[in-house]
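Please look over the structure shown below before reading on. The report that follows describes a few selected regions in turn.

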Amino acid sequence: MQARIAQARQAHQALLDDPLGQTGLAEVLARLDADTLATALATARQAMASADAVLVDALDSLTVGGRTFTALPDCPVDPSTAADLAAQHAGLADKITRTRDRLEQFEDDIAAMTAKITRLSDGAGIVSDDAAQDARARRDRLWQEHRHALTAESADHFAPAMKEVDDINAARLAHATELGELRKLGQDLAETEARATRARDKCHRLTEQATGIEGRVEGFMTTIGLPALSPGAFSGWVECRARATAAMRQRDRLAEQHRQTLERAERLRRELAPLVALEDPTFDAALSAARRSAIAEQAYLEEVRAASEKTTVLEEEVERRQHRQTALEDAVERASAAWRTRVQGLFGEMLPPERLAAGLGQLRELREHDVRRLHAERQIATMQDDQDRFTDAVTELGVQSGVEEGGGLETFRRLQEVADEAQADKTRRRELRDKLEDDMAGHAELGASLQDMDRTVAELGAVFPETVDTSTLDALRVAVGTALDVISKRERIAEIEGRILDDLSLRRIDEARSLLGDETAPALEARAKSLEADLVVAEERLFAATVARANAERDLDAVTGGAEIAELVERRATLQLQIEEAILDYLELGFGLRIAEDAIRRYRDRHRSGMLASTERAFAELTNGGYETLQTQPDGASDILLALDAGGTPKQIGDMSKGTRFQLYLALRAAAYEQMVTQGVRLPFFCDDVFETFDDDRTRAACRLMERIGRSGQAIYLTHHRHVVDIAREVCDLHPVIHNL
């Protein structure tokens, strides 16, 4: 006992002297709020990891050929300038292609005209104008020599020259038509060669401009260290770099945003490093080890307090037992003295006290055996009584349950089987009841879903006239299809009416109907065909008159005197009048067509349709003023839609980014919906995740547009992006109704 007390005291003193050797972990964790800091650090690491992944992807997108980038390269040009250079180069390339096509056409025409001139000259044996002029000049020179000399020799020289001129004139008179055509071809050939020269010069200038742009782009690529790229590809690379720049800026913003969290985590790691048994631990490892040590420290301190309390209790118990032991030892001595005195008084010297003390143990054992015997007899009697009552009870239960008697144990076994079957039936009944309740709940949910569908069908059908059947979903689907067909036909009618009013420079369709009167479409088409035929005939007459005029001029030059001069002069005047009439008809028709086209174009520019104006407003709102104007450019029988950015540069749809094209698509849909509303047609406006290519600013503008549409109708937007819902709640004055499906 004394040894145990000494050991307990030594342990207690050791705990008091060195409670753990690592005191302070719990205090450090609490002071720096380790739990909250761990959560914030995990959030910061996740955000930084996402930003790093986006930056790595953006840098990977800058890979060109074998050139890769691990850091953001310097770029001496901004995306808008690169895009402008690419657009200018593409425009120049297109112009060069068209100019080369025209030059090839001119060269083909020159070759064809040259071949035709050669064929006419060689086939008909026609002497050219230059050869005829040389022959006349030689004849006149020999005639002057003959007039001065008046000798037979000079006459012999003059006669062949005179005959040659007469033969040439006779041949030219015999082939007057071919000669006129030859002269016309010569004029056309000279004009075509001039056009080819201008086209060649223009192609050279355009090529120099394109080469200059390519040189600028090549200089930019040399500065950056990129391989050779086209201006368009370089513009795409600059756009990718702009996205990489945005990703780096986002990463830097996140790093600055989480800088305090990272610094606190590093400070906690440095304070925990000396207190944990790890070499250069990370934050997570140090925090995990510190938490385990703090838990062990707390448990150890609890153990110290418990041991201290137990030591105090044991010391008090030892002291109490020591007092009791002293008292008992005194009582034993007194009882022993009294017992000896009593034995001596009873037996004297006949029975010494020591001998009597040795026999007391045997008597005590006999008494204890007798007690155990009596206890065993009582247990046997009790067990027999329990067995009899058990047999009676089992027999009675067997009779009540209809189990045949076969002895107590056999009856109990059969009753146990009956009880097991009853328990199984009870479990089966509970399962069937639960299944019935589940089926009833499912039936109720299906009924509620059917009611919701019926209510939705009723709400959608309310926008249709009463004469349209919308009582069922199939009927509503048919009604919507019919409505779309009607809308399409109305738009087609409005488009045709607009074209008619533009062509006729009118304001209302009633004025066009009054101008037509009783005219029919076949009659108008026949009149148009007749005018086209008249124009062809006028051109043919102009060509024939030009040939006749050339022949007449030739004949006039060939005339040296005689009675046919007056006839030729008359024919010349007649041909000139015919040519003048043909030219006037041609000019009247040509100028009329050009004036009509210019008038139609000016009218379209001054009176743009409400659809285009609505689209322009919606597009400007969606792009936050990035594109403020929309224009149409004629392209054959159709028009091309152009969007002018803030700098006034026109862009076609193919030149826009994917997000901008989606914005233009949404603007066109919103404008069409606005036109339907003005006509009294109000249908739901559905959009399914058309914002997925938008950034946050574009999404805010689109949400405001959807809110404006919702004020005049019902705007429904389907999305699986949570941030779109948050942005809509933020920017919309009328809070949207959110349905989670």
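A residue is called buried when its relative accessible area is under 20%, exposed when it is over 50%, and partly exposed in between, using a 1.4 Å probe and protein chains only. By that scale L718 is partly exposed, because its relative accessible area is 40%. This is a predicted model, in which local features need pLDDT of at least 70 and side-chain atom pairs count only at pLDDT 80 or more, while totals for chains, interfaces and linings use all residues. Residues are numbered from 1 along each chain as its sequence is written, and side-chain values use heavy atoms, with hydrogens and water left out.

L718 belongs to strand 5, residues 714-718; helices (H or I, at least four residues) and strands (E, at least two) are DSSP runs, numbered from the N terminus. Leaving aside neighbours within four places in sequence, L718 is in contact (heavy atoms within 4.5 Å) with C687, D688 and D689. L718 and H739 are 21 residues apart in sequence, and their C-alpha atoms are 9.5 Å apart in space.

D689 sits in the loop between strand 4 (684-688) and helix 19 (696-712). D689 is buried yet has no salt bridge, and R722, the nearest side chain of opposite charge, is 12 Å away. A salt bridge here is a side-chain nitrogen of Lys or Arg within 4 Å of a carboxyl oxygen of Asp or Glu; for charge, Lys and Arg count as positive and Asp and Glu as negative, with His and the chain ends not counted. The side chain of D689 does make a polar contact with that of T719, meaning a pair of N or O atoms within 3.5 Å, one able to donate a hydrogen and the other to accept it, where residues adjacent in sequence count only if both atoms are side-chain atoms.

The distances given for these residues are listed here.

| Pair | Distance |
|---|---|
| L718 and H739, C-alpha to C-alpha | 9.5 Å |
| D689 and R722, nearest side chain of opposite charge | 12 Å |
| D689 and T719, polar contact of side chains | 2.7 Å |

Helix 18 covers residues 658-678, and its end C-alpha atoms are 30 Å apart, which agrees with the 30 Å that its 21 residues should span at 1.5 Å a residue, the expected span being 1.5 Å times one less than the number of residues. Among its buried residues are G659, L664 and Y673. Just after helix 18, G680 takes a positive phi of about 90°.
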